[in-house]
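Hello,

Here is the structure I promised to hand over. My notes on its pockets and overall build follow.

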Amino acid sequence: MIADAQPWVLSEIGSLKTVLLKHPRQAWVDGEHVRMQWKALGYSEEPDLGRAAAEYDRFLEIIRRSVPEILFMPEDGRTGLDSIYVRDAALVTRHGVILCNMGKKLREGEPEAVKDYCKTAGWPVAGAVRAPGAIEGGDVVWLDDQTLAVGHGYRTNAEGIRQLREMTASFVREFIEVPLPHWDGPGDVLHLMSLLSPVDRARLLVHSRLLPVPFRKLLLDKGFQLIEVPEEEYPSMGGNVLALAPGRCLALAGNPRTNERLAKAGIEVWTYEGREISMKGAGGPTCLTRPLVRAAP
């Protein structure tokens with residue numbers, strides 16, 4: 001378990017050893033819950049639970065090829081459909097889990113559910129972001145084990161960033177606040193990890209058209225190679241890619257040009273079908289997973 005794995009590696013690309021997931025059977029519960037919630041949560045269409053469960057089981061088969069320990073959040077009445085996207089409710093830091101405070105109000109019960117699960121699992125909780133601060137895990141990216149980039153947008157605000165900076169000050173050498181674009185407004189999902197996915201040592205998959213110029217220049221100055229997501233594949237989450245290990249990634253099927261560019265850069269790409277679990281709720285493989293323990297990259 002994670003409590004026995006300290007010191008925890010602060011990385012987005014090290015070989016994934018332990019991951020936290022939530023199956024749609026526990027997140028969505030039944031067809032009635034889906035019908036009651038999908039419109040309010042901003043899904044593009046009503047998901048089908050049966051097809052979603054089948055998709056997710058195939059997604060799990062791929063994860064199991066690389067990840068030795070897979071843990072599952074249980075059903076919880078405080079959470080809704082979006083709790084399938086487990087990354088957003090918590091962060092993993094040097095000293096334990098930091099509970100987020102969701103910028104999307106309909107998700108506000110998720111961090112408390114994670115807190116209770118941490119108690120059961122014996123994981124230390126290092127802190128929590130409190131209102132009026134808001135922060136979501138999809139806005140937080142480790143560029144290396146001492147450099148943390150945090151997106152400032154509609155789901156993560158200035159007070160949430162201030163609190164996170166304070167909680168990580170003892171072990172984060174460089175804390176980078178990244179202003180996020182308006183895109184389609186507050187109702188849409190635009191996290192920092194919508195624009196940037198670490199895929200290998202000093203390699204990032206990015207959509208440069210939406211990156212702030214100072215941040216993009218900083219990445220280049222730090223020696224990162226930027227692999228560009230084609231314009232036509234950004235809306236289908238071509239840029240939302242999970243590193244399973246350095247140079248090995250899990251991506252959503254249906255973005256052949258992006259995956260071809262990754263392959264040409266020497267990145268191994270595994271894909272899954274995600275019409276129900278990803279496309280309708282706008283959550284790709286990074287959103288569906290909360291990495292807990294990784295090997296040093």
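A pocket here is an open set of points on a 1 Å grid over the protein atoms alone, where a 1.4 Å probe fits, with protein on both sides within 12 Å along at least five of seven lines. Its volume is the space filled by probe spheres set on those points, which are joined across faces, edges and corners.

This is a predicted model: local features need pLDDT of at least 70, side-chain atom pairs count only at pLDDT 80 or more, and totals for chains, interfaces and linings use all residues. Residues are numbered from 1 along each chain as its sequence is written, and side-chain values use heavy atoms, without hydrogens or water.

Sixteen residues line the second largest pocket; S11, I13, L143, D144 and P297 lie nearest its centre. Lining residues have an atom within 4 Å of a point. β6 gives the most, with three. Strands are DSSP runs of E, at least two residues, numbered from the N terminus.

The largest pocket holds about 590 Å³. It has 33 lining residues, with D188, V189, M237, A282 and G283 closest to its centre.

**Overall build**

The C-alpha trace spans about 50 × 40 × 40 Å along its principal axes. Of the 297 residues, 58% count as buried (under 20% relative accessible area, 1.4 Å probe, protein chains only).

Best wishes

Definitions and conventions:
Helix = DSSP H or I, 4+ residues; strand = E, 2+ residues; numbered from the N terminus. Buried < 20%, exposed > 50% of the residue type's maximum accessible area, 1.4 Å probe, protein only.
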